[in-house]
Amino acid sequence: MNAMREPLPATIRITGYKSHAKEILHCLKEKYFKDIQEVEIDGLKIEAPQPLKWYPDEQAWHTNMSRKIIRKSPLLEKFHQFLVSETESGNISRQEAVSMIPPLLLKIESHHKILDMCAAPGSKTAQLIEMLHSDIDVPFPEGFVIANDVDNKRCYLLVHQAKRLNSPCIMVVNHDATCIPTLKIDSDGKKDILFYDRILCDVPCSGDGTMRKNIDVWKKWTTSNSLHLHGLQLRIAVRGVEQLAVGGRMVYSTCSLNPIEDEAVIAALLEKSEGTLELVDGSADLPGLKSMPGVNSWKLMTKEGQWFSDWSEVPVSRHTQIRPTMFPPTNPEKLANFHLERCMRILPHHQNTGGFFVAVLVKKAPMPWNKRYPKVRREDVSSSAAAQTEGSPAASIPSGTPCPPDSAVEEGLEEKVVEEEEPKDSPLAMETTDKLEREYGPPASKKKKLFGYKEDPFVFLTEEDPVFTTIQSFYNLSPNFPKINVLTRTHDGKKRHLYMVSKELRNVLLNNSERMKVINTGVKVWSRNSDGEEFGCAFRLAQEGIYSLQPYIRSRIITVSVEDIKVLLTQENPYLSKLEADAHAQAKKLVMGSIVLKYIPNPNNTEDPQCPIQLCGWRGKTSIRAFVPRNERFHYLRMLGVEVFRDKQGQGDKGPDGEKAVEGVEVKEEAGNGAEEKERKKWGKMRGTWTWRMVIKLEHQNQ
């Protein structure tokens, strides 16, 4: 309780490809953490951020610095700006420490098919995507992540989080997790059911473990919260294990410490599984993480303070609110076989975190209500509506819930779960504020439907599509480029943007368009350039998808040095002559149009970044420029040893030596001839003007 009353430390996690993450970690350690150790505020030394001992490769850190302290020091202010900028570009995530645990326990590999059942706001989903893309040399992993959430508005927050990682292997869908549809895929020419290798089941909960950051929980918490949520949590967990492949792994987690939401759900799930599920001990997978084992006995208390230790004590008048599955199993032998002590309870005082519960389940055989694997017949789609029977889970869903008719009925689930209707005012862990919903909500132009917003279609292109004629020749795409994985968002008219997905996600999309509500998928690889035809191709490269697309591009690549990238990222339209001799010679051989600027690390020069960098650019008549969003531009500059921070308007921020800093490199355009000026203005409109004032300090170089 003492720990609960203390403020929660801020925690950050370094994201992205492993090689890029190492560079960010190096930047943090060398430029910020060392200096922070020397800072004194009001006579007290500031404690530098510390790594989480149990998170691999020092990729997660926590700090007790408050906003008040940050404002008192220019160095801490720069550190704060660094965190904000890197968060916006997707290279750092603000995430509570305990929230990082479930994805680690899933033991994800690049070929795994993953379902995140209750994904919003998306911090854990981002972890799952990163694990799929652990190898930068594999642009299209065999696995994928399907991230689901029941709340349409929160789905758009989820899209915003996922888009920062620019992955072709993520799909965001909008369904009720208790009846998320069974998906079909083509397997060797036959229709097969998609079973997932890994499932994250982070269910809605009362959130009593979040008291350190959600102050409202202290006032709103009651014992009835868990009673209302237990049924929903159990139904979501049951639906999860149904869709789990044999041998697959599901992690069930809550940010609650109430046994009714934790061990009671796991015990009920194990009892229903009749030995087909095994609760495994995940504590050994995270050495250094302090936790206590799950509990084997607990009591239930009503809102009025009445205690019950067994279902037999519950009066009939309360049977609709209190269910048998909320109590521990009465059979001692059965209880011992469940091994509930293998659950993990993380308490706030263990390592200065929030409260959390996590359990790891492995599926050893099909569920007992699936005596055999379900077969998919051609008439399934047409007859599925008639297939709903009184004993199916679909029948236990309240009317008005948008549940696909084929979600669980095909699998013949005969056991009925009692419905516990969730109260409207229950304090679920809804982290989305009104402000965030407005900022990342669906575009206003979309027409509201009964359940959410009507999405634009996902239309795959054919290999013979005329769009590819100029793209193929202009970029000299390799013969193995998967054209059929390219999609657009319109049936009619000119295609404005082209996106790519992995072949596995294409399989899912094509076979489930009618049963699945897709909010977003794919990474943008090309955008239409209104005047592009005159340069030989109507589509320019998009920075979002460059790491996925570049392995297939065999021309229009300029290999650049560290100094070249500094010039390209600090000057808006530098002349070709500003590049070093090698890059200048390469650029002169290319005609005007979209290009790839590629940096290849030199292992013999450890002072330079040791990760590959690929930027989209434009080769003009006499100039060259990089098409990189502002925050990504700052990110790459920092990786190259350039310190970038914001000068407060109306105040002169002090530089590292205590002198008043001046504006370092403002983005300026050099004068050129009339045609060149026209081209500059045209692309200047696309980029917009820079209003961000920078102070840049180049290391290893006096300017």
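**Entry 1**

I count a residue as buried under 20% relative accessible area, exposed over 50%, and partly exposed in between, with a 1.4 Å probe and protein chains only. I am working on a predicted model, where local features need pLDDT of at least 70 and side-chain atom pairs count only at pLDDT 80 or more, while totals for chains, interfaces and linings use all residues. Residues are numbered from 1 along each chain as its sequence is written, and side-chain values use heavy atoms, with hydrogens and water left out.

I take helices (H or I, at least four residues) and strands (E, at least two) as DSSP runs, numbered from the N terminus. On that basis I find 21 helices and 33 strands in the protein. Of its 703 residues, 57% are buried. For the accessible surface I used the Shrake-Rupley method with a 1.4 Å probe; for residues, only the protein chains shown count as cover. The protein exposes about 32,000 Å², and carbon and sulfur atoms supply 50% of that area.

I also looked up contacts, meaning heavy atoms within 4.5 Å. Among contacts between residues at least 6 apart in sequence, 76% join residues at least 24 apart.

**Entry 2**

I call two strands paired if DSSP finds at least two bridges between them. Four strands make an open sheet in the order 4-5-1-6, with antiparallel pairing. Strand 1 (residues 10-14) runs antiparallel to strand 6, and three bridges join the two. I noted one partner: isoleucine 14 is bridged to isoleucine 92 in strand 6.

Which residues does threonine 11 contact, leaving aside its neighbours within four places in sequence? I list Leu52, Trp61, His62, Ser93, Arg94, Gln95, Ala97 and Met100. Threonine 11 lies in strand 1 and is buried, at 7% relative accessibility.

Strand 7 (residues 113-116) runs parallel to strand 8 (residues 144-148), joined by four bridges. Isoleucine 114 has valine 145 in strand 8 as its bridge partner. The chain passes from strand 7 through helix 5 (residues 123-132) to strand 8 in a right-handed β-α-β crossover. I use right-handed to mean that, with the strands pointing away from the viewer, the path from the first strand over the helix to the second runs clockwise.

Strand 7 is also parallel to strand 12 (residues 196-202), with three bridges between them. There, leucine 115 stands opposite isoleucine 199.

**Entry 1: salt bridges**

My rule for a salt bridge is a side-chain nitrogen of Lys or Arg within 4 Å of a carboxyl oxygen of Asp or Glu. The count comes to 19.

I looked at arginine 239 and glutamate 242, whose side chains form a salt bridge at 2.5 Å, N to O. Both lie in helix 8 (residues 224-243), three residues apart, and about one helical turn separates them. Arginine 239 is buried at 2% relative accessibility, and glutamate 242 is buried at 1%.

Next I took glutamate 304 and arginine 318, which meet at 2.9 Å, N to O. Glutamate 304 is in the loop between strand 16 (300-301) and strand 17 (307-308), and arginine 318 is in the loop between strand 17 and helix 10 (332-338), so the pair ties together parts 14 residues apart in sequence. Glutamate 304 is exposed at 60% relative accessibility, whereas arginine 318 is buried at 18%.

Glutamate 544 is partly exposed, at 31% relative accessibility.

I also noted a network: Lys107, Arg249 and Asp285 are joined by salt bridges that share partners.

**Entry 2: helix 15**

Which residues of helix 15 (residues 467-475) are buried? I find Val467, Phe468, Ile471, Phe474 and Tyr475. Seen down the axis, these buried residues fall within an arc of 140 degrees, so they line one face of helix 15. I took the arc from the directions from the helix axis to the C-beta atoms. Thr469 and Ser473, on the other side, are exposed.

The buried residues of helix 15 pack against strand 23 (486-488), strand 24 (497-500), strand 26, strand 27 and strand 29 (593-599). Just after helix 15, asparagine 476 has a positive phi of about 50 degrees.
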